Amino acid sequence: MDIICKKDEVIGNKILWRWVDIKGWYDIHNHMLPGVDDGAKDWKEAKNMLKLAYQEGISNIIVTPHFNMKWKITPKEALLEYKKKLQEMAYEISEEYHIYLGNEIYYHHDAAEHLDQKKIFSLADSSYVLVEFSPVKEYEYIENALYQLQIGGYMPILAHAERYECLRKNTENLADLVDRGIYIQVNASSIMKEASFLNKKFIRKLLDKDLVHFIGTDTHNLSNRPPLIKKCAHYIEKRYGKERVDRLLIHNPEQILRNKTIGT
C-alpha cells in the first residue's frame, strides 16, 4: 500500500494538500459521465465525484452509462469524447487514475447483436458485459437472457444482483447462475446501509457462500448515491479477510481488462 502526498486544489492563494491512501481499487459500475443518463448532472459534479472516489481508494473506474432502448441514447462517438474528458480530469488528480468505458445494458432481445455491431460498449472493450433487468423479472427470463449473451460469446455480469426478487426469494437460483458461468456484482451501498434488512441479509449470505465476483459503487451523484466503498471494503476485510477484498476490488476486475475468465 502506497501513501503519497497529493495536491488537491488551489483556493485563492492557498494550496490544499491531503494524504491519500492509494489501494488501486476498481469500480466497475459507475455513472459519472454527465448528461448521458441519470448520473452526474454536469462536469463539476463529475470532477467532485472523481475526487471522492479517489479519496475512497478507487483509482480505476469503468464508467457504465445506461443503455436502454426506451431511453434517449447518446451516440457512441459522444460517449468516447466524454470518457476522454473524464480521463483528463482524472489525470489532474493522479497520473495513476484510469478511466475505462462500458455500458450498463438494460437487457433486450437485440443486445448481443448490438454488442456485435459496437452499438453498445462492453466493459473496457472486453467480452465482459454489465447487464440489468427489471427487479420483478422472473428467473427463467433472466436465466435465458444471460444464456443468450453467453452463446453470443460474451461474459455477462449481473448488475446489482441484490435487487431481483426471484434471486432474493431463492438463493439457489443465483447459485445456479454462477454455476453456469454468470458473474455477480453487488453494490457497496447495499452491503452497508442502502438496502433493507432483508436485502443486507441476502447479500451477506451471498458473501458467506462466496457467490459475489464484483463490488461496484453504482454511483449516480454526490448527494444520495456517492462513490463510497471504503467502509464496505473494511467490513469485508474484517469478516472475510484481505484476500477477499483484493479479489473483489482488484484481481477480478483486472481480469476484465485482460479479457480473461476469472480464475485463469
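Leaving aside neighbours within four places in sequence, Pro226 is in contact with Leu52, Thr219 and Asn221, where contact means heavy atoms within 4.5 Å. This is a predicted model, in which local features need pLDDT of at least 70, side-chain atom pairs count only at pLDDT 80 or more, and totals for chains, interfaces and linings use all residues. Residues are numbered from 1 along each chain as its sequence is written, and side-chain values use heavy atoms, with hydrogens and water left out.

To place Pro226: this residue sits in the loop between β11 (214–216) and α9 (230–240). Helices (H or I, at least four residues) and strands (E, at least two) are DSSP runs, numbered from the N terminus.

I turn next to the helix pairs. The axes of α1 (residues 43–55) and α2 (residues 76–93) come within 10 Å and cross at roughly 50°; axes are lines fitted to C-alpha atoms, for helices over the stretch in contact, and angles run from 0 to 180 degrees between N-to-C directions. α1 is therefore oblique to α2, given that angles under 35 degrees count as roughly parallel, over 145 as roughly antiparallel, 65 to 115 as roughly perpendicular and the rest as oblique. Residues of α1, including Trp43, Leu50 and Tyr54, meet residues of α2, among them Tyr82, Leu86 and Ile93. By class, this contact of α1 with α2 has nine nonpolar, no polar and four charged residues. Here Ala, Val, Leu, Ile, Met, Phe, Trp, Tyr, Cys and Pro count as nonpolar, Asp, Glu, Lys and Arg as charged, and the others, Gly among them, as polar.

Helices α4 (residues 139–151) and α6 (residues 171–179) pack at an angle of about 10°, their axes 11 Å apart. α4 is therefore roughly parallel to α6. Tyr139, Glu143 and Leu146 of α4 and Asn173, Asp176 and Leu177 of α6 make the contact, which has three nonpolar, one polar and two charged residues.

For α9 and α10 (residues 242–258), the axes come within 7 Å and cross at roughly 135°. α9 is therefore oblique to α10. In this pair, Ala233, Ile236, Glu237 and Tyr240 of α9 meet Lys242, Arg244, Val245, Leu248 and Leu249 of α10. The classes are six nonpolar, no polar and three charged residues.

What lines the second largest pocket? The lining includes Lys76, Leu80, Lys83, Phe121, Asp125 and Tyr154, and α2 gives the most to it, with three residues. By class, the lining of the second largest pocket has six nonpolar, two polar and four charged residues.

Notes
1 Å grid on protein atoms, 1.4 Å probe; cavity = no way out; pocket = protein on both sides within 12 Å on 5 of 7 lines; lining within 4 Å.
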